[in-house]
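Please open the model in your viewer and keep the sequence panel beside it.

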Amino acid sequence: MEIKDKKALIAMSGGVDSSVAACLMKESGYDCIGATMKLFSNEDVRGNSSYLPENVNASRSYRCSSLNNVGISRDHSCCSLEDVEDARSVARSLGMPYYVFNFAERFRETVIDAFVSAYENGRTPNPCIDCNRYLKFEKLFLRARELFCDYVVTGHYARIEQEETTGRFLLKKAVDDTKDQSYVLYSLTQEQLAHIKFPLGGLQKTQVRQIAEEHGFINAKKADSQDICFVQNGKYGEFIESYTGREYLQGNFVDQDGNILGQHNGIIRYTVGQRKGLGIALGQPMYVKKIDPAANTVTLGTNEELFTTALTAKDINLISAEYLDAPMRVKAKVRYRHKEQWATAEQLDEDTLRVVFDEPQRAITAGQAVVLYDGDVVVGGGTIVHAG
């Protein structure tokens, strides 16, 4: 089948990256359809007044789905009304059909509820990974099949290649290492990789903006989204309290020996490695080392006490191989902004990885993902359940 006979569903967030991805697919000869996902309603985040300005006009309807309470305007985030308007404008300029799909219930169940549960249990989640896993490359995948599309296309900075000898699909880092997003894509399966296109993987960000400007896209100079879309002000504790309607009790800050150092304001407000916002003076810099939901305590330690050499991960997904038959030398990242470090990875069973670093790493945190690399190829990854 020639490219001109192939259909692609473009996930359009309203940002410059997904807009240029759509443009490149269209210019390559694909029959393209634009789609924006409605991920949450204002009711999902009610209680935080910053989400409910009086001048929000949420009565407009669009092709295929209502945008009632799709989200409201804010800088450096996504899922706002302006984002939808920008995506629709680009789709129109490219002559593409455009839809908005209501995935709010699935987003609430798999992303927001998981986010809240993680903090309630002393873990630190990465909702962007969950959004990719359960929304972009699950729900949107199913919708693409309903529309008889051959590919789902996003503006992620990553590359997909097929290995000639085995036929296995590989996920690789982007050419622009300052924008690489392979870390948040480690959960992709072989079936998904066979039907995904990342047109920006071989480009620099400057090139992407230049393409957008050359085509006169309304969002050519739009700032990249940085915040978690359903938590505008970065105050996770306030969001969780308003979302659940629950009060999270104060408890004790303790040291390594269990000595009480002061009072914390609820474990949902803390994460391993945190220093700012503790609200106590101890004569030396102290950091969150451990969170114990059962005892409702937060253990503090010095910076040196945050370093560990090993971790255990569950809920794993391997890409470059089906199974690690022997310990493997890799480079590993334990958070998105973490510089990958040399380590040895061993698969203990179908769903467990043990990773031992050559050098101690700071603040390895339960709930975050560990992602393994062999050069620029993603070996796989999993969710950290234990450090040490």
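Which residues of α4 are buried? Before selecting them, note that this is a predicted model, in which local features need pLDDT of at least 70, side-chain atom pairs count only at pLDDT 80 or more, and totals for chains, interfaces and linings use all residues. Residues are numbered from 1 along each chain as its sequence is written, and side-chain values use heavy atoms, with hydrogens and water left out.

Now select residues 127–146, which form helix α4 (helices are DSSP runs of H or I with at least four residues, strands runs of E with at least two, numbered from the N terminus). Its buried residues are Pro 127, Ile 129, Asp 130, Cys 131, Asn 132, Leu 135, Phe 137, Leu 140, Phe 141 and Ala 144, where buried means under 20% relative accessible area, exposed over 50%, and partly exposed in between, with a 1.4 Å probe and protein chains only.

Next, pick Cys 128, which is partly exposed at 44% relative accessibility, and then Cys 131, which is buried at 8%. The structure holds zero disulfides, a disulfide being a pair of cysteine sulfur atoms within 2.5 Å. The sulfur of Cys 128 has its closest cysteine sulfur in Cys 131, 7.1 Å away and therefore too far for a bond, while for Cys 131 the nearest cysteine sulfur, that of Cys 229, is 6.5 Å away.

Just after α4, select Phe 148, which takes a positive phi of about 60°.

Finally, go to Ala 294, in the loop between β12 (287–292) and β13 (297–301), where this residue is exposed with a relative accessible area of 81%. Select Asn 121 as well: the two residues are 173 apart in sequence, yet their C-alpha atoms are 8.5 Å apart in space.

Notes
The expected span of a helix is 1.5 Å times one less than its number of residues.
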